[in-house]
Amino acid sequence: MPKKVIIIGAGIGGLATANLLAKAGYDVHVYEKNAQLGGRAGQRTTNGFTFDTGPSWYLMPKVFEQYFSLFNVDLNHELGIKKLTPAYKVFFESHEPMTIHGDVDKDAVQFEAVEKGSGERLKTYVKEGQEIYDMAIEHFLYTNFERPQELADKRILAAGGRMAKLLLTNIHSRVSTFVTAKPLQQILEYPMVFLGTSPFKAPAMYSLMSALDFNEGVFYPARGMYSIIDALVGIGKAHGVTYHVNAPVTSITHADGTASGIVVGGASIAGDIIVSNADLHFTETALLNASARSYPDTFWKKKESGISALLLYIGVKGALPQLEHHNLFFVDKWRENFEAIYESKEVPESASLYVSRTSATDPTTAPEGHENLFVLAPLPSGISLNDTDTKVLTQRFLKQVADAISEPELTDRIVTLETFGPDDFKDSYNSWNGTALGMSHLLKQSAFWRIPNKSKKLKNLYYVGATTVPGIGLPMCLIGAELTYKRIVGIKKGGPVTSIETPEGETK
Ligand SMILES: Cc1cc2nc3c(=O)[nH]c(=O)nc-3n(C[C@H](O)[C@H](O)[C@H](O)COP(=O)(O)OP(=O)(O)OC[C@H]3O[C@@H](n4cnc5c(N)ncnc54)[C@H](O)[C@@H]3O)c2cc1C
């Protein structure tokens with residue numbers, strides 16, 4: 001009999017782990033509390049509009065390619081992955097908009113036009129970011145840090161002094177040594193929001209993010225981000241994964257230091273291996289009783305749960321050619337905005353926003369003659385918004401976009417508008433403090449310091465997803481699935497999984 005694996009949660013991390021284990025011969029069952037598979041990477045349809053619920057930036061394409069190649073799937077071909085040109089557009093309150101191409105030579109020309117000498121400095125910044133990124137891929141992301149000797153690699157030791165500086169300085173300080181014009185600093189600092197943190201707190205090693213958008217570029221699947229989830233589920237079904245939806249797990253059962261199964265709808269279901277893809281704080285504090293928790297309450301008090309957000313899913317009549325596919329709106333009160341979100345935990349007066357117009361690339365996401373807009377406004381975690389708060393904020397953010405793109409009629413042209421806020425993150429995904437992304441990537445919550453993917457108390461309980469290693473984002477969760485797989489099958493060596501042994505005759 002194959003060993004039975006129970007996976008709690010069908011986010012990308014849970015789905016990706018299910019596939020690896022199913023291909024390796026395990027009997028895999030995924031239990032998801034919601035009706036839809038995909039978790040934060042979900043899809044919603046309203047009045048003829050189709051929205052990706054969360055992720056919209058397809059970055060680090062090689063990570064996707066590597067994962068899907070394990071199943072002989074050419075993802076680029078299957079999902080029609082294409083590079084977005086331009087990559088994104090940035091609107092400022094006190095500066096003309098800038099269009100970023102995702103090609104450092106072209107973008108350097110634009111930087112130069114804003115600040116003399118900054119074009120060459122951008123190239124250096126991106127080149128150094130690429131070196132850090134390459135090192136991260138080779139030594140820090142695809143590892144469970146089970147073999148410390150791997151960190152004694154010549155290249156890491158040689159880079160030791162520089163790395164220490166990059167860990168101990170914040171990214172704003174580093175960016176300031178390359179460019180002084182505020183719009184340019186904002187462009188290089190904004191990616192920290194993708195990591196759930198602030199440029200005034202994130203370690204400078206995350207300058208590697210600029211290698212992603214300026215060197216590799218920004219990509220998009222022809223049929224939207226949810227097609228990645230469809231592809232994962234397609235592989236899972238082909239390898240015998242069983243999916244149970246509308247199945248909220250209420251506890252993980254255990255005896256003698258071993259997880260024995262889960263409870264769903266009052267029924268006990270036995271399993272040999274349990275993997276939780278639910279938010280780690282929820283898994284630890286709500287699914288396990290005190291004796292099986294790896295971390296005491298005091299541990300969580302020292303952790304930062306990460307930002308929340310207000311999301312707007314909007315259908316607009318008529319065209320909005322002022323917008324590209326990805327658009328960023330930066331406020332002049334840049335530092336104050338981050339401080340409100342991360343320090344004083346207040347809803348900011350004005351907020352730097354992200355707006356995607358998917359209908360720019362995929363017209364099927366909106367009825368003919370309409371545009372599909374998704375707005376993300378970062379908010380502090382731990383807050384609750386009532387209907388009035390949500391309406392006030394929605395109007396404020398819509399006005400901000402309308403002013404920036406000189407479209408005073410924007411609100412009147414809206415034909416559908418739905419919101420998703422901090423309370424929804426909590427209710428829909430059991431996320432800690434209503435965080436949108438998961439624990440922020442502060443230094444103390446990154447790399448070896450991020451919560452590992454294995455319980456300290458139950459020998460067969462594992463974790464996967466944005467709240468454990470390596471962290472937030474679709475590519476990170478795919479890497480995380482490989483890490484959890486390696487833990488379970490006992491591969492200690494760092495580096496991507498190269499092949500999955502499908503047992504013949506014999507099963508796990
Ligand atoms: C608004 C937004 C924008 C983003 N933008 C990007 C982007 O552009 N690019 C990018 O790469 N990443 C982006 N991200 C991050 C990325 O979407 C996440 O890091 C990733 O999807 C998290 O996946 P996960 O595996 O951690 O699982 P989640 O998606 O967090 O899923 C966990 C699942 O567990 C389920 N669950 C919880 N409790 C239970 C229970 N008791 N029983 C059963 N099931 C349970 C939940 O319902 C959920 O389906 C974005 C995220 C958000 C929210």
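Guide: Let's begin with strand S1 (residues 4–8): 4 of its 5 residues are buried, so the strand is largely enclosed by the rest of the structure. Buried here means 20 or more other C-beta atoms within 10 Å of a residue's own, exposed means 12 or fewer, and partly exposed is in between, with C-beta atoms placed from the backbone. Strands are DSSP runs of E, at least two residues, and helices are runs of H or I, at least four, all numbered from the N terminus. Bear in mind that this is a predicted model: local features need pLDDT of at least 70, side-chain atom pairs count only at pLDDT 80 or more, and totals for chains, interfaces and linings use all residues. Residue numbers start from 1 along each chain as its sequence is written.

Who sits beside S1? Strand S2 (residues 27–31) runs parallel to S1, joined by 5 bridges, and two strands count as paired once DSSP finds at least two bridges between them. Within that pairing, Ile6 stands opposite His29 in S2.

Now the ligand. Its shell holds 37 residues, with Gly9, Gly11, Gly13, Gly39 and Gly465 the closest; to be near, a residue needs its C-beta atom, placed from the backbone, within 6 Å. Helix H1 (12–23), strand S14 (308–317) and helix H17 (474–489) each put in at least two residues. By class, the shell splits into 22 nonpolar, 12 polar and 3 charged residues. Nonpolar covers Ala, Val, Leu, Ile, Met, Phe, Trp, Tyr, Cys and Pro, charged covers Asp, Glu, Lys and Arg, and the others, Gly among them, are polar.

The domain assignment gives domain 1 (4–45 + 60–72 + 224–295 + 451–489), domain 2 (103–212) and domain 3 (304–429), with bounds from an automatic or database assignment. Domain 1 and domain 3 each contribute at least three residues to the ligand shell. As for domain 2 and domain 3, their centres, taken over C-alpha atoms, lie 27 Å apart.

Compare Glu368, in the loop between strand S16 (353–357) and strand S17 (370–379). Glu368 is exposed, with 6 other C-beta atoms within 10 Å.

One last stop is the open, antiparallel sheet of 3 strands, S10-S11-S12. Strand S10 (249–255) and strand S12 (267–270) are its edges, each with a single partner strand, so one side of each has no neighbour in the sheet. Strand S11 (residues 258–264) is joined to S12 by 4 bridges, and Ile262 has Ile269 of S12 as its bridge partner.
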